[in-house]
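Work through the following exercises with the sequence and the model side by side.

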Amino acid sequence: MFGLADIIKFLISFFVILPIVTIIHLSGHIFFVTLFGASEKKIVIGSGTKVFSFWNIEIRKYYFWNGACEFKSLRHDNRVTNTFIYLGGALFNLTGIFLVHSLISQGTLDKSVFWYQFIYFSFYMLFFSLFPMYFSDGSPSDGKAAVLTLKNQHEKKISDDIQFLKMEEQNKSDERFRNDNK
């Protein structure tokens, strides 16, 4: 049966575990962006209006829904480095899955709904980021962007959660954001 305890589990899953999995995913992108010499990096957690920011992390009103990482330039900018950037989020999610599974197998972590949900949402994020498709807004998934990059057919350097912003694009994006949130 479905009861009050299940509702609490769903709330914890969507408002705590999913944002943690999203942060891990975005950290994978930022890791490779940093490794390849990007400037002006930023992780955006959630969507909607900006609530606050610290370091290079921006938290938005709907922190539990989506996220992105932004950067302006790369010192090492080629098909291979861009492919690693696109696949970085999935690699970090996969690492998280194996790490939690190993710690549970060794008895370091107890078997619990929390860790089950963590692994579930990590697989969810992994699958939909790697599935080679275009989203309804026209942006490619990370997997599709990686395939296009390897085929040398991806010029925009954008995916559903990665934004490579040139200076003029950043100014336009900031202006659009201000206008949308008035």
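**Exercise 1. Determine how α2 and α3 are oriented to each other, and which residues of the two helices meet.**

Step 1. The axes of α2 (residues 79–105) and α3 (residues 113–130) come within 9 Å and cross at roughly 155°, where axes are lines fitted to C-alpha atoms, for helices over the stretch in contact, and angles run from 0 to 180 degrees between N-to-C directions.

Step 2. Angles under 35 degrees count as roughly parallel, over 145 as roughly antiparallel, 65 to 115 as roughly perpendicular and the rest as oblique; α2 and α3 are therefore roughly antiparallel to each other.

Step 3. The residues of α2 that meet α3 include Leu87, Leu94, Ile97, Val100 and Ile104, and their partners in α3 include Trp115, Phe118, Ile119, Phe123 and Leu126, contact meaning heavy atoms within 4.5 Å.

Step 4. Sorted by class, this contact of α2 with α3 has 13 nonpolar, five polar and no charged residues; Ala, Val, Leu, Ile, Met, Phe, Trp, Tyr, Cys and Pro count as nonpolar, Asp, Glu, Lys and Arg as charged, and the others, Gly among them, as polar.

The model is predicted, so local features need pLDDT of at least 70 and side-chain atom pairs count only at pLDDT 80 or more, whereas totals for chains, interfaces and linings use all residues. Residues are numbered from 1 along each chain as its sequence is written, and side-chain values use heavy atoms, with hydrogens and water left out.

**Exercise 2. Describe how α1 and α3 pack, and locate glutamine 117.**

Step 1. With their axes 9 Å apart, α1 and α3 pack at an angle of about 50°, and they are therefore oblique to each other.

Step 2. The contact is made by residues including Ser13, Phe14, Ile17 and Val21 of α1, and Phe114, Gln117, Phe118 and Phe121 of α3; by class, the contact of α1 with α3 has 11 nonpolar, six polar and one charged residues.

Step 3. Glutamine 117 lies in helix α3 and touches Ser13 and Ile17, not counting residues up to four places away in sequence.

Step 4. With a relative accessible area of 16%, glutamine 117 is buried, a term that means under 20% relative accessible area, as against exposed at over 50% and partly exposed in between (1.4 Å probe, protein chains only).

**Exercise 3. Identify the residues with the most contacts inside the largest nonpolar core, and the elements that each supply at least two of its residues.**

Step 1. A nonpolar core is a set of buried Ala, Val, Leu, Ile, Met, Phe, Trp, Tyr and Cys residues joined through side-chain atoms within 4.5 Å. The largest has 18 residues, and Phe71, Leu74, Ile85 and Ile162 have the most contacts inside it.

Step 2. At least two residues of this core come from each of α1 (4–35), β1, β2, α2, α4 (142–150) and β3 (162–164), and α1 gives the most, with four residues.

Step 3. Apart from this core lies another, of 13 residues, among them Val100, Phe118, Ile119 and Leu126.

**Exercise 4. Which residue in the loop between β1 and β2 is it that has a positive phi although it is not a glycine?**

Step 1. Most residues other than glycine have a negative phi.

Step 2. Tryptophan 55 has a positive phi of about 45° and sits in the loop between β1 (42–54) and β2 (57–71); at 78% relative accessibility, tryptophan 55 counts as exposed.
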